[in-house]
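Student: I have a protein model open and would like to learn how to read its features. Could you walk me through them?

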Amino acid sequence: MAQPFVLPDFYLPHPARLNPHVDAARAHTRGWARRMGMLEGSGVWEERDLEAHDYALLCAYTHPDCDAQTLSLVTDWYVWVFFFDDHFLEVFKRGQDMAGGRAYLERLPAFMPLEGEPAAEPANPVEAGLADLWARTVPAMSPAWRARFAEATEHLLNESLWELANINEGRIANPVEYVEMRRKVGGAPWSAGLVEFAAGAEVPAAVAHERPLLVLRDAFSDAVHLRNDLFSYQREVEEEGENSNGVLVLETFLGCSTQEAAEAVNDLLTSRLQQFEHTALTEVPALCAEKGLDLARCAAVAAYAKGLQDWQSGGHEWHLRSSRYMNEGAARGARGGGVLGASALETGALFGRPARARLRSLAHVPHQVVGPSLLPEFDLPYPLSLSPHLEAARVSCLDWAEGMGLLADIWDRELMAGFDLPLCAAGLDPDATLEELELSSQWLAWGTYGDDYYPLVFGRVRDLAGARALTERLKACMPLEDPAGGAAGAAGPLERSLADLWERTAAPMGAAERASLRLAVDHMLESWLWELHNQALHRVPDPVDYVEMRRRTFGSELTMSLARLRHGRALPAEFFATGAMRAVEKAVSDYGTLLNDLFSYQKEIEVEGEVHNGVLVVQTFFGCDYPTGVRIVDDLMRGRLRQFEHLKASELPLLVEQFGLDAEGRAALGRYLRELEDWLAGILNWHRRVRRYRAQDVRSGAGTPRAAGGPARALGGPTGTGTAAARVAELFGR
């Protein structure tokens, strides 16, 4: 069968190495698979299938330094997971048996107890294999690792249900949904857990859930999955009828040829590998120092990062050789699967497409005159409603900000009045009481002020240490035990205003609700530091990292957290923690953040010299012009809106049944979904009316904060001469 596209040239700067114990692992795993019932008689594999796939070779390449016993155990894990994938295909996917597949998957967690013996007796080869592997692996690892690995394994297994649902509906995911779901339920996060085991390098609990380690794992995961999509397109799409393949997703989304889609997937793969390198070399060492890790724990983190690097190189080498994948001609190193950067002398890696992609992310010219922001038609189907308390909230919000000292530095009363944040709050929550509207307006004011303050005060002078110090002081303004205690140490306006908001918001809450709100604010604060880090490097982030962090920088998590808390009694926290509900909130959030990027493009690119704008991120990644970037962002927004509607219509009803929600719970869910619709309608209305993003406001400086400590005037002063870029240059001493 002819290949549907020519494999692209891959960026892989680290050569693969082979574990010398590969033959021992082959012999061991053949006997193990037979004892578990995975070969003759299973209806899935014969011995020749196992030999042709050669999972021992995969593991020998991806874990080149472990001993023979460890390599054999790791190989058994991979035999098990690939057998599961093929078994689920034969038994449930081909017949599209959703109910049977769900029941099958629900039994498997019983064979991964965090303590003690399995809660059930194995009834098939998949259950028998999992029970055996779990018992042989977990004694060497901590309880924290067991919990993380069990969760990753459950997500991996549940991928099959998500793929089956898409096949049943004939639906192809949009790119953002695809990357998110592929990462969550694909095999790479699970593989990262086995890297810790095989390398003897368990990630310390103190940093395991910190952003740099999560980015390291996620960038690794994305690269593994995207590479697999390129090699497995023919088998998955043409032979098995799969919808969950990145090449097919981009082919559909971009409306391009299969070859062009394959090149685009490879560009994204390269970008994620470069994100991995950037994080490993710049953010992870700083995190280890910040957390005060001793030498042994720093070495464990370094060994883990090296293990992930080995996996990338080895996984590629195995794809070139396995009979499971489309790799004709690739192993010979011709165009089609060539490895760029395998040698220090590889000029393709130094000067070719991957190098140009890396350069593009660092070569954006700031303060280009781009003209008024281009806006597509926003076909948002939700009606706008505004709170009747809007006028009162406008007055009280200005008075509150002035009393807190927020109008004596980068903002003044006229500037803030033009921002009209109560208008935004009135659209987000039209049913709020006056007290609720005042509080939400003040939260929006505080978040917008902070978002303006960090880049103005810390960004232009690259004072990352000062920003970190302020961030820690702000976190101290939100004590969990005594919400009123944050005011004692609050020094400046940003701290005093947060302490005030925290006391008024958190005091009536229970401990769990308070912790959830605190986490949302912490995430927003940390996201501002991420922006400063990129600003200091003058680095345009890659699309995946940008979309994920934009939810935090925009404050979506904070506003949605406040909305969720209202329904806590009728809708349990576990309901909001499900994949479907998280997908709902992410789809809504992404629409809002990208809408903001469209409206703010001229302000951010021309005046502020920003690198954090979704349109710019798309332009940089795809190498396209501004109008094309707008079209891609618009398409992505429409895809997110379609996903929101799809989730409401198809997945949430199943979730309601799964949780057995009563009438009160169903009503609460209906109210929450309407609030999300209000959130979208209110965000759009505010952007259309606010004195912050319009071309005349950008030109006059009416929508732009002034430098901290500077005169109370717009950029450029009373003369009003020169272009916006010139006024910025004057202000910043350029």
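Tutor: We will go from the overall picture to helices, ring pairs and a few single residues. Please keep in mind that this is a predicted model.

Student: How many of the residues count as buried?

Tutor: Buried here means under 20% relative accessible area. Of the 734 residues of the protein, 60% fall in that class. The accessible surface is about 28,500 Å², and carbon and sulfur atoms account for 54% of that area.

Student: Let us turn to helices. What span should helix 13 have, and what does the model give?

Tutor: The expected span is 1.5 Å times one less than the number of residues. Helix 13 covers residues 258-290, so its 33 residues should span 48 Å; the end C-alpha atoms are 46 Å apart, which agrees.

Student: Where is helix 13 kinked?

Tutor: The kink is centred on Ala 280 and comes to about 40°. Just after the helix, Gly 292 takes a positive phi of about 65°.

Student: How many residues of helix 13 are buried?

Tutor: The number is 24 of the 33, so helix 13 is largely enclosed by the rest of the structure.

Student: What does the span check give for helix 9?

Tutor: Helix 9 holds residues 188-199, and its 12 residues should span 16 Å; the end C-alpha atoms are 16 Å apart, so the two agree. As for burial, 11 of the 12 residues are buried, so this helix too is largely enclosed by the rest of the structure. Among the buried ones are Trp 190, Glu 196 and Phe 197. Gly 200 follows helix 9 with a positive phi, near 60°.

Student: Now the aromatic rings. How many aromatic pairs are there in the whole structure?

Tutor: The search finds 37 aromatic pairs. To read a pair, look at the distance between ring centres and the angle between planes. For Tyr 78 and Trp 311, the centres are 6.3 Å apart and the planes are at 40°, so the pair is tilted. Tyr 78 belongs to helix 4 (residues 68-93) and Trp 311 to helix 14 (residues 295-321), so the pair ties together parts 233 residues apart in sequence.

Student: Are Tyr 78 and Trp 311 buried or exposed?

Tutor: Tyr 78 is buried at 3% relative accessible area, and Trp 311 is buried at 6%.

Student: How are the rings of Trp 134 and Phe 149 arranged?

Tutor: Their centres are 6.4 Å apart and their planes are at 10°; planes under 30 degrees apart count as stacked, so this pair is stacked. Trp 134 lies in helix 6 (residues 125-137) and Phe 149 in helix 7 (residues 143-169), so the pair ties together parts 15 residues apart in sequence. Trp 134 is buried, with a relative accessible area of 3%, and Phe 149 is buried at 2%.

Student: Which residues do ring pairs link into a cluster?

Tutor: The cluster includes Tyr 78, Trp 134, Phe 149, Trp 190 and Trp 311.

Student: Which charged residue sits over the ring of Phe 419?

Tutor: That is Arg 692, whose charged end is 4.5 Å from the ring centre.

Student: Can we finish with single residues? Where is Ser 527, and what does it touch?

Tutor: Ser 527 is in helix 23 (residues 511-537) and is buried, with 0% relative accessible area. Leaving aside neighbours within four places in sequence, Ser 527 is in contact with Met 549, Arg 552 and Thr 553.

Student: Is Pro 383 buried or exposed?

Tutor: Pro 383 counts as exposed, with 63% relative accessibility. Its place is the loop between helix 16 (353-362) and helix 17 (390-404). Not counting residues up to four places away in sequence, Pro 383 touches Asp 678 and Ala 681. The C-alpha atoms of Pro 383 and Leu 680 are separated by 9.6 Å, although these residues are 297 residues apart along the chain.

Notes. Residues numbered from 1 in each chain as written. Predicted model: local features only at pLDDT ≥ 70, side-chain atom pairs only at ≥ 80, totals over all residues. Heavy atoms only, no water. Phe/Tyr/Trp six-rings, centres within 6.5 Å; stacked < 30°, edge-to-face > 60°. Helix = DSSP H or I, 4+ residues; strand = E, 2+ residues; numbered from the N terminus. Buried < 20%, exposed > 50% of the residue type's maximum accessible area, 1.4 Å probe, protein only. Lys NZ or Arg CZ within 6 Å of the ring centre and 35° of its normal. Bend = angle between axes of the 7 residues up to and from the residue. Areas by Shrake-Rupley, 256 points an atom, 1.4 Å probe, with all protein chains shown as cover. Contact = heavy atoms within 4.5 Å.
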